[in-house]
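Here is a friendly tour of a single model, one local feature at a time. Please keep the structure open beside the text as you read.

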Amino acid sequence: MLRLALYQPDIPQNTGTLLRLAACLGAAVEIIEPAGFDVSDRHLRRSGLDYLDRVAVTRHRSWDAFSAWRRAENIRLVLATTRGALPYTDFAYRDGDCLLIGRESAGVPEAVHAAADARVVVPIRPDLRSLNVAVCAAMILGEALRQTGGFPRAD
């Protein structure tokens, strides 16, 4: 199963969109705190609507706690970043990868960049800054699922 990690998310509506995306596509979600809003089940339920019961969500109290968990589970970390050199469509994803999305307001700090096993970018026009994190995550998760044969089947 692929995982979608949200690094200290700022905007509850984007988090809700990402929870719904993960529920619909069968990915787990890792929320790395602190967030810019209350990430209790009550508040996540408001932003994730009725999809919260359909997605596995794990909260990590800090980057260090997330990193320790990831190392113990031997999970490869793929960072989506505007500073990536490799287009997300050229990367070879594996089942079990964790796709990390940064904060809406600031991305991720240098230590997180350094800890990533890979850094991918969604290429956009050079005169524009970046895509919305939920749009970026959807594009990358879709490509990773395509490559790994992980799209849910509509039998």
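## Two packed helices

Let us begin with α1 and α5, which are roughly parallel to each other, since angles under 35 degrees count as roughly parallel, over 145 as roughly antiparallel, 65 to 115 as roughly perpendicular and the rest as oblique. Helix α1 spans residues 12-25 and helix α5 residues 133-148; their axes come within 9 Å and cross at roughly 15 degrees. The axes are lines fitted to C-alpha atoms, for helices over the stretch in contact, with angles running from 0 to 180 degrees between N-to-C directions. Helices here are DSSP runs (H or I, at least four residues), as are strands (E, at least two), numbered from the N terminus.

On the α1 side, N14, T17, L18, L21 and L25 make the contact, and they meet V133, A134, A137, A138, L141 and L145 of α5. Contact means heavy atoms within 4.5 Å. By type, the residues of this contact are nine nonpolar, two polar and no charged. In this scheme Ala, Val, Leu, Ile, Met, Phe, Trp, Tyr, Cys and Pro are nonpolar, Asp, Glu, Lys and Arg are charged, and the others, Gly among them, are polar.

## About the model

This is a predicted model, in which local features need pLDDT of at least 70 and side-chain atom pairs count only at pLDDT 80 or more, while totals for chains, interfaces and linings use all residues. Residues are numbered from 1 along each chain as its sequence is written, and side-chain values use heavy atoms, with hydrogens and water left out.

## Aromatic pairs

How many aromatic pairs does a search of the whole structure find? The search finds four. Rings of Phe, Tyr and Trp (its six-membered ring) pair if their centres lie within 6.5 Å; planes under 30 degrees apart count as stacked, over 60 as edge-to-face and the rest as tilted. The ring centres of W63 and F66 are 5.4 Å apart and their planes stand at 35 degrees, so this pair is tilted. W63 and F66 both belong to helix α3 (residues 63-73), three residues apart, or about one turn of the helix. Both are buried, where buried means under 20% relative accessible area, exposed over 50% and partly exposed in between (1.4 Å probe, protein chains only).

F91 and Y93 make an edge-to-face pair, with 4.9 Å from centre to centre and 75 degrees between the planes. F91 and Y93 are both buried. Ring pairs also join Y7, W63, F66 and W69 into a cluster.

Most residues other than glycine have a negative phi, and most peptide bonds are trans. Against that background, E33 and P34 are joined by a cis peptide bond, with omega about 5 degrees. P34 sits in the loop between β2 (28-32) and α2 (41-48). Q8, in the loop between β1 (3-7) and α1, has a positive phi near 40 degrees. Beyond its neighbours within four places in sequence, Q8 contacts I32, E33, P34, A35 and R103.

N74 also has a positive phi, about 55 degrees, although it is not a glycine. Its place is the loop between α3 and β4 (77-80). Are Q8 and N74 buried or exposed? Q8 is buried, at 14% relative accessible area, whereas N74 is exposed, at 70%.

## A buried histidine

H113 lies in helix α4 (residues 110-115) and, at 5% relative accessibility, counts as buried. Leaving out residues up to four places away in sequence, H113 touches L79, T81, R83, V108 and R119.
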